[in-house]
Amino acid sequence: MKLLRFLPLLLLLCGCAREVSPVSALALDCKNGVYCLTAEVVRQDSPDDTAAPAYLSATGTDVTDALRNLRSILPGDLYLSHAQVLLLSEDAVSESILPLADYLCRENDVRLSLRAAVVRDGSAAELLENDNEVYALSELLDRSAQDGILPDMPLYRVTDVLHADGTAILPALRVDAFGQTAPAGTAVFKNERLNCFLDGEIGGGVYA
């Protein structure tokens, strides 16, 4: 009986306890009705090492299924409180994004300041992996929102406006001709799904 009392400690000392897998960003793609969720996982082998991203992907029939499958392949427990960016491909937002926004807002460890962006002309996962510096996408979206180049739409605000009337605007990104991730106008949502793009600064663009 005394041994059982100390079993959790023994497992921890033996390295048998699961560690957490901090996620810095998520990317959602969809093709032929199959959703693919990619997580940028922060790895740091020692306190002296520079944090480096690794990428893991899982598929599912819907977002919840893909998220559950992603949890099963991570080296540790999925930890979303560090996630700062959610990238969505055009195909992934061809249907209502409100269930996804609601689901993430209900997750206790997801920060409501997480920024969502739509990826134009390509895969969300490919754009995520285009920046090999951790948190580079978050810094790009923060800076573009402060400069008025892209909409300032964190997750909680997206959810609020979609619940209000089903319309919203999200920042758009793409990989430019130089292979760099760059702002690509504004994604306009109507009836909770992608309707069109506006190029240029907020309120002064043309339909793409």
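The largest pocket is lined by L28, Y35, D62, V63, T64, A92, E95, S96, I97, P99, L100 and Y103, where a pocket is an open set of points on a 1 Å grid over the protein atoms alone, with a 1.4 Å probe fitting at each point and protein on both sides within 12 Å along at least five of seven lines, and lining residues have an atom within 4 Å of a point. The elements that give two or more residues to this lining are helix 3 (63–73) and helix 4, and helix 4 gives the most, with three residues; helices (H or I, at least four residues) and strands (E, at least two) are DSSP runs numbered from the N terminus. The lining residues divide into eight nonpolar, two polar and two charged, with Ala, Val, Leu, Ile, Met, Phe, Trp, Tyr, Cys and Pro counted as nonpolar, Asp, Glu, Lys and Arg as charged, and the others, Gly among them, as polar. The volume of the largest pocket is about 200 Å³, taken as the space filled by probe spheres set on grid points that are joined across faces, edges and corners.

The model is predicted, so that local features need pLDDT of at least 70 and side-chain atom pairs count only at pLDDT 80 or more, while totals for chains, interfaces and linings use all residues. Residues are numbered from 1 along each chain as its sequence is written, and side-chain values use heavy atoms, with hydrogens and water left out.

The largest nonpolar core holds 43 residues, of which V23, L26, L28, L170 and F189 touch the most other members; such a core is a set of buried Ala, Val, Leu, Ile, Met, Phe, Trp, Tyr and Cys residues joined through side-chain atoms within 4.5 Å. Helix 4 (residues 98–106) supplies the largest share of this core, five residues. Beyond residues up to four places away in sequence, V23 touches A39, E40, V41, L78, Y79, L80, H82 and A83, contact meaning heavy atoms within 4.5 Å.

L162, in helix 7 (residues 155–165), is buried, with a relative accessible area of 1%, where buried means under 20%, exposed over 50% and partly exposed in between (1.4 Å probe, protein chains only). Although L162 and L98 are 64 residues apart in sequence, their C-alpha atoms are 6.8 Å apart in space.

Two residues other than glycine have a positive phi: D121, near 60 degrees, and N191, at about 55 degrees. D121 is found in the loop between strand 6 (115–119) and helix 5 (124–130) and is exposed, with a relative accessible area of 61%. N191 lies in the loop between strand 8 (181–190) and strand 9 (193–198), and counts as exposed at 55% relative accessibility.
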